[in-house]
Amino acid sequence: MFRPNRFYPVLAVTFFSFAVLQARAQQTPSQPQSTETQAGQTAPQTNPQDRAQVLRQAQERVKARRKLREQQVIQDTYTHKYEAYFGGNYLRFRPGDNLQHINEAGWHAGITDYAFGKIGITADGRGYYGTTYSGPNQYGVYQPSISQYTFMAGPSIRFFEGLHWGWTAQVLAGVGHGNFGTGTGGLPPELIGLYSDGNAFNLSAGASVDYNLSPGLAVRLTPGYLMTRYGSSTQNNLGFTAGVIYRFGRQ
């Protein structure tokens, strides 16, 4: 005997299963299309011109950042108020009017106060030491040692300020003291052609080349001219100084 109350639940389950399968069948073809659309939106094609432009822009940004860093280092280097320096020196010097030139070596030290931007005031001290060749004489003094000391001051002008290199010019004037009789054994130096002991006017001019090791430290080479006035003549001497610079303080 047919019973409708048992048939209805079976029919409902069958209908529900068919509806679920039909819905899945309709959704399956649409998924790849959606994926392709999304992939097309997130990964657009680029041409060589666009890639080259992006690369140029990146390089320009790197150069700009490097230039800013260099400008900052230059500013940190040349806004120091003081420069203290010391080192060695060399001078080609004539110790008497009728004597040959000799080589002198020694030390130098000084300090510059950049009170006016690139213009500073320098105080400088130097010592020179050498051995003269007086030639045969009746006193038996042939190779006496001599020494000179200079104390000068004047303006220094920094006319180039670079990342690694800096150039400075200076003119200094002051007094020098010559010891020409220290190696003669008490003999007056004039008797063997040397200048007399004493003070003399000194004038120095030079151009310095600095190589920066850091904003506060550099090495310096200064070819220069030194005029002295010993005896009754003028001595025009050429030489150089070389040493280390220490920068400190702020303008």
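Let me begin with arginine 158 and glutamate 161, whose side chains meet in a salt bridge at 3.1 Å, N to O, where a salt bridge is a side-chain nitrogen of Lys or Arg within 4 Å of a carboxyl oxygen of Asp or Glu. Before I go on, please keep in mind that this is a predicted model, in which local features need pLDDT of at least 70 and side-chain atom pairs count only at pLDDT 80 or more, while totals for chains, interfaces and linings use all residues. Residues are numbered from 1 along each chain as its sequence is written, and side-chain values use heavy atoms, with hydrogens and water left out.

Of that opening pair, arginine 158 is buried because its relative accessible area is 3%, whereas glutamate 161, with 24%, is partly exposed; buried means under 20% relative accessible area, exposed over 50%, and partly exposed in between, with a 1.4 Å probe and protein chains only. Both residues belong to a network of salt bridges that links Glu83, Arg158, Glu161, Asp210, Arg220 and Arg247.

Arginine 247 and aspartate 210 are both buried.

How many salt bridges does a search of the whole structure find? The search finds 8, and one further pair is lysine 81 with aspartate 113, whose side chains meet at 3.0 Å, N to O. Here lysine 81 lies in the loop between helix 3 (48-78) and strand 1 (82-93), and aspartate 113 lies in strand 2 (residues 102-116), 32 residues away.

Strand 8 (residues 235-248) also holds isoleucine 245, which counts as buried because its relative accessibility is 0%. Leaving out residues up to four places away in sequence, isoleucine 245 touches several residues, among them Glu83, Asp210 and Arg220, contact meaning heavy atoms within 4.5 Å.

Finally, asparagine 179 sits in strand 5 (residues 165-179) and, at 17% relative accessibility, counts as buried. Setting aside neighbours within four places in sequence, asparagine 179 is in contact with Ile146, Ser147, Tyr149 and Asp197.

Conventions. Helix = DSSP H or I, 4+ residues; strand = E, 2+ residues; numbered from the N terminus.
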